[in-house]
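Please look over the structure below before reading on.

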Amino acid sequence: MKLLPDEWMIIKRVIIYIVIACSFTASGNELPLKRENILRVEHPSAIQFTSALIQSGTSNTLVYESWSGYKMEKAWLRYTPLNFDHGVLDKGLLVNILPESPSNIVSSVSLVNFNGEDWLYYLEARSFKSEADVFRAKLRNGVLVEIEPVSLKDAIAPSSNIKFHRVSRNSVAIVYTAKKCCSLYFALSNDGVKFDTPSAIDSSGFMPYLSSFSGGDIVYFFQKSFRTSQTQPSGKPVYIIKTHFRISSNLGNTWTEAIPINLTDATVHDAKAIIRPDGNIDIYYVYPIQENSGLSLWRRCLNPNGQLGVEELVVEPSFGNIAKPTPHRLNTGKLLITFVEQGKVVLEGDHNLHAAIISRDASCHIGQGGLIQYP
């Protein structure tokens with residue numbers, strides 16, 4: 001019997017619902033986090049995005065980019081010391097990082113530990129879409145020191161969302177979106193300063209992110225917009241964003257086919273990842289727990305074979321409309337997760353940085369409720 005397109009759509013949605021229902025878990029540890037477990041780092045009027053965590057001995061310094069507002073006209077780097085005493089997360093003074101830059105925008109912060117030293121990578125630009133200069137520096141007492149220009153063989157902008165990641169003992173990689181949108185690129189450096197000619201990964205998208213497994217394989221995350229069959233009241237088509245990943249076992253020479261991190265029909269985006277003690281990685285990302293609700297924060301395990309673990313809800317949905325998660329591995333083995341709460345109406349909410357401690361990694365067991373291989 002031949003099914004009509006609408007009947008196929010119904011079957012597809014039923015299958016997706018079953019997959020999600022079978023693969024979701026509330027986690028065997030303290031998740032989902034409740035409001036009392038979460039520290040609000042910032043307050044209006046500025047908004048925040050990406051964070052980096054510098055750990056040295058018993059000190060923990062959270063560095064993050066702060067923007068003057070949704071028009072993305074001005075940005076600067078800020079920091080605050082974090083205290084984890086007695087299992088309670090607390091912050092110190094919130095301070096702008098010096099020296100002040102003559103550029104309107106200082107953003108796209110990444111932390112890379114290279115040859116035993118912590119380097120902050122960042123860029124400076126006149127505007128969100130203008131060509132940027134890239135630098136790396138060390139942070140000492142709230143001041144950037146040993147500032148070095150970073151040489152790239154391609155023009156980028158703050159809108160490129162460049163990310164830096166150490167992929168081996170002697171190599172640092174970058175991922176970014178082309179300045180003119182929307183090809184995705186990858187490049188390597190053997191000294192963390194001069195990068196090779198970038199290579200396109202033959203995918204288009206935005207919000208790229210790079211992570212790696214303990215065995216040396218690397219994984220490239222990106223999100224892309226897709227047109228749906230639905231329409232707005234104005235008659236315009238409805239688009240959703242889907243995050244995919246591609247894995248490379250040869251430092252970017254070749255990549256696997258793109259795989260979605262979730263099969264739901266809803267928007268899934270803002271994926272970031274972190275390596276686990278067992279060599280796999282955990283992905284943190286957002287999508288609505290139900291139709292017409294705000295974005296919720298989720299996570300799941302990924303292994304080098306492209307198999308995904310069960311989904312775990314990280315923050316209770318009543319907390320708010322969550323975006324821009326960034327996970328950090330603490331020296332204790334626990335995790336620090338930062339994210340923003342956007343408010344009910346995007347582009348009108350506070351969009352301020354929050355942070356919380358998570359004791360354990362996601363479930364990553366093969367078997368019942370275990371790893372899932374998408375076709």
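## Two residues, a sheet and the spaces inside

S127 is found in the loop between strand 9 (117–125) and strand 10 (133–140). Helices (H or I, at least four residues) and strands (E, at least two) are DSSP runs, numbered from the N terminus. This is a predicted model: local features need pLDDT of at least 70, side-chain atom pairs count only at pLDDT 80 or more, and totals for chains, interfaces and linings use all residues. Residues are numbered from 1 along each chain as its sequence is written, and side-chain values use heavy atoms, with hydrogens and water left out.

S127 counts as partly exposed because its relative accessibility is 32%. The cut-offs are these: buried is under 20% relative accessible area, exposed is over 50%, and partly exposed is in between (1.4 Å probe, protein chains only). Leaving aside neighbours within four places in sequence, S127 is in contact with I105 and P158. Contact means heavy atoms within 4.5 Å. M72 is 55 residues from S127 in sequence, and the two are 7.9 Å apart in space, C-alpha to C-alpha.

Now turn to Q223. Q223 lies in strand 17 (residues 218–231). With a relative accessible area of 3%, Q223 is buried. A polar atom of the Q223 side chain lies 2.8 Å from the backbone nitrogen of D270. Beyond its neighbours within four places in sequence, Q223 is in contact with G205, F206, M207, I241, K242, T243, H269 and D270.

Next comes a sheet. Strands of a sheet pair through backbone hydrogen bonds, either parallel or antiparallel. Here, four strands form an open sheet in the order 2-26-25-24, with antiparallel pairing. Strand 2 (39–40) and strand 24 (322–329) are the edge strands, and each pairs on one side only. Two strands count as paired if DSSP finds at least two bridges between them. Strand 25 (residues 335–341) and strand 26 (residues 352–358) pair over seven bridges. T338 stands opposite A355 in strand 26.

What about empty space? Rolling a probe the size of a water molecule over the atoms shows where empty space is left. The search uses a 1 Å grid over the protein atoms alone: a cavity is a set of points where a 1.4 Å probe fits but cannot get out, a pocket is an open set with protein on both sides within 12 Å along at least five of seven lines, and lining residues have an atom within 4 Å of a point. Grid points are joined across faces, edges and corners, and a volume is the space filled by probe spheres set on the points.

The second largest pocket has 35 lining residues, and the closest to its centre are L111, V112, N113, H165 and I274. Strand 24 is one of the strands that each supply at least two residues of this lining. The structure also holds two cavities of 30 Å³ or more.

| Space | Volume | Lining by class |
|---|---|---|
| Second largest pocket | about 1,000 Å³ | 16 nonpolar, 13 polar, six charged residues |
| Largest cavity | about 50 Å³ | four nonpolar, one polar, three charged residues |
| Second largest cavity | about 30 Å³ | seven nonpolar, no polar, three charged residues |

In these classes, Ala, Val, Leu, Ile, Met, Phe, Trp, Tyr, Cys and Pro count as nonpolar, Asp, Glu, Lys and Arg as charged, and the others, Gly among them, as polar.

The largest cavity is lined by N161, K163, M207, P208, Y209, D270, A271 and K272.

Note on methods. A polar contact is a pair of N or O atoms within 3.5 Å; within protein, one must be able to donate a hydrogen and the other to accept it, and residues adjacent in sequence count only if both atoms are side-chain atoms.
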